[in-house]
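Let us read a protein model together, one feature at a time.

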Amino acid sequence: MFINEEIKDKEIRVVASDGTQLGIMPTKDALAMAKKENLDLVNIAPKAVPPVCRIMNYGKYCFEQAKREKEAKKKQKVVEVKEVRLSLKIDTHDFNTKANQAIKFLDHGDRVKVSIRFRGREMAHPELGNAIMERFVQACAEHGVIDKQPKMEGRSLVMFISAKNTK
């Protein structure tokens, strides 16, 4: 954004500080009007023909812009990815513990990455891993939905579950 003397165009369309159109005038005249009101002349649409400039308090504008960005940053929720690792030979109690942990993550609003690592001869039976993943989805069904279907990535079967939006 160009302000005051940085504006090099000969003629510009001027908008007053209250938003009224002042029309097309030479840059020198618009700059004099801005100085008379102790405000800045700011080029808000440099690509327009002729360029559009506004008479405003540029320092106050920058401050309010930064304030709005800071407020928007406060309101945004950062979604983390939590990982739950299962094994092919997992026992019922261990499975339930992992499922409860994943449910806690989902209730907090995080995504959950569920992975099963295949070791040795377990690589010959990926269908067993799919069965465990399906059981895990059933256990977490009322708290989350599958974001990414189970997929083999190297020696691991990976799946993502995201929280249900109940709001």
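The dialogue below moves from the overall outline to the nonpolar cores.

Q: What kind of model is this, and how are its residues numbered?
A: This is a predicted model, in which local features need pLDDT of at least 70 and side-chain atom pairs count only at pLDDT 80 or more, while totals for chains, interfaces and linings use all residues. Residues are numbered from 1 along each chain as its sequence is written, and side-chain values use heavy atoms, with hydrogens and water left out.

Q: How many helices and strands does the protein have?
A: Helices (H or I, at least four residues) and strands (E, at least two) are DSSP runs, numbered from the N terminus. Here there are four helices and eight strands, and from the N terminus on they follow the order β-β-α-β-β-α-β-α-β-α-β-β.

Q: Is phenylalanine 63 buried or exposed?
A: Buried means under 20% relative accessible area, exposed over 50%, and partly exposed in between (1.4 Å probe, protein chains only). Phenylalanine 63, which lies in helix α2 (residues 58-75), is exposed because its relative accessible area is 55%. Of the 167 residues of the protein, 31% count as buried.

Q: Which residues have the most contacts inside the largest nonpolar core?
A: A nonpolar core is a set of buried Ala, Val, Leu, Ile, Met, Phe, Trp, Tyr and Cys residues joined through side-chain atoms within 4.5 Å. The largest one has 22 residues, and those with the most contacts inside it are Val84, Leu86, Val112, Val114, Ile116, Ile132 and Phe136. Helix α3 gives the most to this core, with six residues. A second, separate core of 11 residues includes Met25, Ala34, Cys53 and Ile55.
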